[in-house]
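Reader: Can you walk me through this one? Keep it quick.

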Amino acid sequence: MLVALSDTGLYPLILFIFGLIVGSFLNVVILRGISGGSVGGRSVCPHCDKTLRGWELVPLVSFIILRGRCQRCGKEISVQYPLVELSYGFVLLIVGTPLPQSALGWAISLPLMIIIAVLLVLFVIDLKTMLLPDTFIILLSVVVAFVVAVRWFVADSAPLVLYWAAAGALIGAGILGLIWLLTRGRGIGLGDVKLLIPVGALLGPIDTIMLLFVSFMAGGVVAGYLLLTKQANMKTAIPFGPFLCAAAVLVLLAPQFVDQVRQLLFGGYI
Ligand SMILES: [Zn+2]
């Protein structure tokens, strides 16, 4: 059925809508990831505890119809909800097109969809709490281990796949671990170091160096902007995890772009 569907123009639309629905689930995961508790239970307005009915929970559409406000108390609904839904809609559109036609295709695409979902969840949680919960880093590690196993299975030189993953994890967690030690945890958190173990293993050493480079550049630009506009001072802590998560998604979704940046900046050196 899915194969027949991919022949029609409807396939991207259905994929996008499915992405919105998963995105709406990710919002629940984020909320529970911050406040603790299970993913089950009814969704309520965080301001007045009104139980949200079916039509108020339709991804994106409800936010637009309600104009971003709770129907009962009129308080603003966080823009995080539609943004996460939209982001994941586009992620599925990019990763799922064209539709994988083989088991191997699915074994590559599906973990990528899960990995980006976890990175999106970590992005928002770190932004809001300055923490990267271990649960999500462990989940990420399990999926990355599966990806490395698939690569190992299909590779001509299996040991090379393992060395590549180990080198990526070592370089990523090593560089951030060193900064963590030197700044005594003020520059970056231990969660950032742990995050780079699965992310480094997934990307391998070269892309991991690019990931760190892009993250530090973006972090510097944002910190500079916040300082200049007086929204922050030298003592304001800015979480680094969101930059790492966003850069990782960039490397995963736009590898050619990152490769061009690498060529431009470093030529043949890395
Ligand atoms: Zn309300």
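Author: Here are some notes on the fold, a helix, the domains and a surface patch. This is a predicted model, where local features need pLDDT of at least 70, side-chain atom pairs count only at pLDDT 80 or more, and totals for chains, interfaces and linings use all residues. Residues are numbered from 1 along each chain as its sequence is written, and side-chain values use heavy atoms, with hydrogens and water left out.

Reader: How many helices and strands are there?

Author: The protein has 10 helices and zero strands. Both are DSSP runs numbered from the N terminus: helices are H or I with at least four residues, strands E with at least two.

Reader: What follows H2?

Author: Gly 36, and its phi is positive, near 80°.

Reader: Which domains are assigned?

Author: Domain 1 (1-99) and domain 2 (131-270). Those bounds come from an automatic or database domain assignment. Their C-alpha centres lie 27 Å apart.

Reader: New topic. Which residues form the nonpolar patch on the surface?

Author: Leu 104, Ile 108, Trp 152, Phe 153, Val 154 and Leu 162. Together they have about 640 Å² of accessible area, by the Shrake-Rupley method with a 1.4 Å probe, where only the protein chains shown count as cover for residues. Nonpolar side chains (Val, Leu, Ile, Met, Phe, Trp, Tyr) are joined within 5 Å, like charges within 9 Å.

Reader: Where does the largest share come from?

Author: From H6, with three residues.

Technical notes:
Patch = residues over 30% accessible without salt bridge, like charges linked within 9 Å, V, L, I, M, F, W, Y side chains within 5 Å. Salt bridge = Lys/Arg side-chain N within 4 Å of Asp/Glu carboxyl O.
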